[in-house]
Amino acid sequence: MIRYDCFALLAPLITDQIVVTSLSGQKIEWAHLSKHEGNLLVGTMGTALGVGMGLAVALPQRKVIVLESDGSVLLSLFNLATLANLDLNNLIVFVFDNASYSGTRISEPTATAGKSDLAKMAQAAGIEKAVTVRDLQSFEQEMTAAMNENRLRFIVCKVEESTEHRNIPRTDMDPLENKYRFVRYLERTEGKKIVRSHG
Amino acid sequence: MEQELAQKLVTSLHEAGIDVITYLPETRLSQILPLIRSDDSFKLIPVSSEAEAITIGAGAALGGKQVAVYMECTGLYVSCYSILSIAKRFGVPLLLLIAHLGSFADQRNNSVYAVSGAYVTPVLDALEIQYRLVETGNNLEICIKDAARHTNALKLPVALLFSGEFTR
């Protein structure tokens, strides 16, 4: 299973959900497959899950999907305990675990290439519905269930390291442009003011 | 901190429109926590690291909330990366409420805190985060309202550093 194929299954299902991406190949592949205004392309290690939690708190009626990676989650493991205790039923976290820091281009292994298991760590942190999927059919089953129910899900997707994203043109949308497109979309669809320039 | 001052601080946050507070507890301003928790107008989010106090706060702000992040000054050091990579890159307003341990006016200052406190304003300067020192409850309401207005106007984090009366 490769990440791009998982994304290709998820992208057509996005309607009014918000999608927060982690960095590197994930961001490139997701931005290529989905032009949705509800995409927030965070693009830095260890931060997407926190941002996604905050969005899920602020918008409890809206489904928030976080696309994370193993290296990124490992950098901010404290997120797991907070995520468990916030117990946000409108949040789905997919962790695409290729067991490597593939952005380094030398496939340096992460801890999940060794003894560490992110789903077990999430369970131990208190996240009840934390599972691992290893093939596309299982991914699709978990994804469909997660999209159709209101429950926190933490889905670790064991994927092969792929260089697919290196053949994809990168988005030239910078973070500020992305922010404004994202919040204007929320303002329009939520019917509320978010950017408050006047205090 | 005296209870009356704690109440004044919480009332000022409310009147400034703050509705989400992420926090890691500390010693100087901790009396505000039960007051915030008992006020339904606030959503109080406990975290396990100040790094995620920033990222969660930023997400909530992008979702339309007015967010304060409450931390000890050492938490500023922990959260620098989140401030840079999220709050500054995306331009997110966040009101940082920082208990300035180890500052000149810290009434409980000692050798444990003094070194940690010494680097707070240089780090804020390096991050280009505008800040104000708050050492008394005089004009606290105005000070917090000004800071909330300023973070929205800038669309960047701003900080209030609490010491003096707030550290008794």
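**Chain contact and architecture in the predicted model**

The contact takes 28 residues from chain B and 28 residues from chain A, as computed from a predicted model. On the side of chain B that touches chain A, two or more residues come from each of strand E2 (43-46), helix H3 (50-62), helix H4 (73-90) and helix H7 (140-154) of chain B. Of these, H3(B) gives the most, with nine residues. By class, this side of chain B comprises twelve nonpolar, eleven polar and five charged residues.

The secondary structure of chain B consists of seven helices and six strands, arranged from the N terminus in the order α-β-α-β-α-β-α-β-α-α-β-α-β. The C-alpha trace of chain B spans about 40 × 35 × 30 Å along its principal axes. A compact globule of 168 residues would have a radius of gyration near 15 Å, and the 14 Å found for chain B therefore agrees with such a form. Buried residues account for 53% of the 168 residues in chain B. Among the contacts in chain B with a separation of 6 or more, 77% join residues 24 or more positions apart.

In chain A, helix H7 (residues 136-148) has 13 residues and reaches 18 Å from its first C-alpha to its last, close to the 18 Å expected at 1.5 Å a residue. Its buried residues are A:Phe139, A:Glu142, A:Met143 and A:Ala146. Viewed down the axis of H7(A), these buried residues fall within an arc of 100 degrees, so they line one face of the helix. They are covered by elements of chain A including helix H1 (3-10), strand E4 (91-97), strand E7 (130-133) and strand E8 (153-158). On the other side of H7(A), A:Gln137, A:Gln141, A:Thr144 and A:Asn148 are exposed.

Technical notes:
Residues are numbered from 1 along each chain as its sequence is written. Chains are lettered from A and ligands numbered from 1 in the order in which they are written. This is a predicted model: local features need pLDDT of at least 70, side-chain atom pairs count only at pLDDT 80 or more; totals for chains, interfaces and linings use all residues. Two residues are in contact if their C-beta atoms, placed from the backbone, lie within 7 Å. Helices (H or I, at least four residues) and strands (E, at least two) are DSSP runs, numbered from the N terminus. Ala, Val, Leu, Ile, Met, Phe, Trp, Tyr, Cys and Pro count as nonpolar, Asp, Glu, Lys and Arg as charged, and the others, Gly among them, as polar. The expected span of a helix is 1.5 Å times one less than its number of residues. A residue is buried if 20 or more other C-beta atoms lie within 10 Å of its own, exposed if 12 or fewer, and partly exposed in between; C-beta atoms are placed from the backbone. The arc is that of the directions from the helix axis to the C-beta atoms. The radius of gyration is taken over C-alpha atoms; the globule rule is 2.2 Å times the number of residues to the power 0.38.
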